[in-house]
Amino acid sequence: QVQLVESGGGSVQSGGSLRLSCAASGSIFSIYAMGWYRQAPGKQRELVARITSGGSTNYADSVKGRFTIARDNAKNTVYLQMNSLKPEDTAVYYCNAETYPDFGSWGQGTQVTVSS
């Protein structure tokens, strides 16, 4: 199993920036992709950004050009740099690790609040 520890959430004003971090431990050799998801009240959890072991990335259309996902293999950590934040970005953000042969792992979630 993989354990994920998130940090970096908080409250910012519109136009501000935050950097989320997710440190993985445990069976890290089993991770083939990691990503960030978010869930706002009353809405379904959605993919924000994802990065594979090969370095491929994909983003939700709503965050393209504003968010960047990156990885530091030496630290077993992935980051989500969030710039030009909007109130619509307010949500609980969850780190995810896609693993084999099990079903993957989730972080505990961290609140991001963007005020007007």
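Q: How do β3 and strand β8 pair, and over how many bridges?
A: They pair in the antiparallel sense, over 6 bridges, with β8 covering residues 77-82. Keep in mind that this is a predicted model.

Q: And which residue in β8 stands opposite R19?
A: That's Q81.

Q: What about strand β1, which strand do its bridges join it to?
A: Strand β1 (residues 2-7) is joined to β3 (residues 18-26) by 6 bridges, and the two run antiparallel. As one of the pairs, S7 has S21 in β3 as its bridge partner.

Q: OK, switching to the inside. How many residues are in the largest nonpolar core?
A: There are 28 residues in the largest nonpolar core, and M34, W36, L80, M82 and Y93 have the most contacts inside it. At least two residues of this core come from each of β1, β3, β4 (31-39), β5 (46-52), β7 (67-72), β8, β9 (91-99) and β11 (110-115).

Q: Let's follow up on Y93. Which residues does it touch, skipping those up to four places away in sequence?
A: With those left out, Y93 touches E6, L20, W36, Y37, R38, V48, F67, L80, M82, G109, T110 and V112.

Q: New topic: T52. Which strand is it in?
A: T52 sits in strand β5.

Q: Why does T52 count as buried?
A: Because its relative accessibility is 19%, and buried means under 20%.

Technical notes: Residues numbered from 1 in each chain as written. Predicted model: local features only at pLDDT ≥ 70, side-chain atom pairs only at ≥ 80, totals over all residues. Heavy atoms only, no water. Pairing = 2+ DSSP bridges. Helix = DSSP H or I, 4+ residues; strand = E, 2+ residues; numbered from the N terminus. Core = buried A, V, L, I, M, F, W, Y, C linked by side-chain atoms within 4.5 Å. Buried < 20%, exposed > 50% of the residue type's maximum accessible area, 1.4 Å probe, protein only. Contact = heavy atoms within 4.5 Å.
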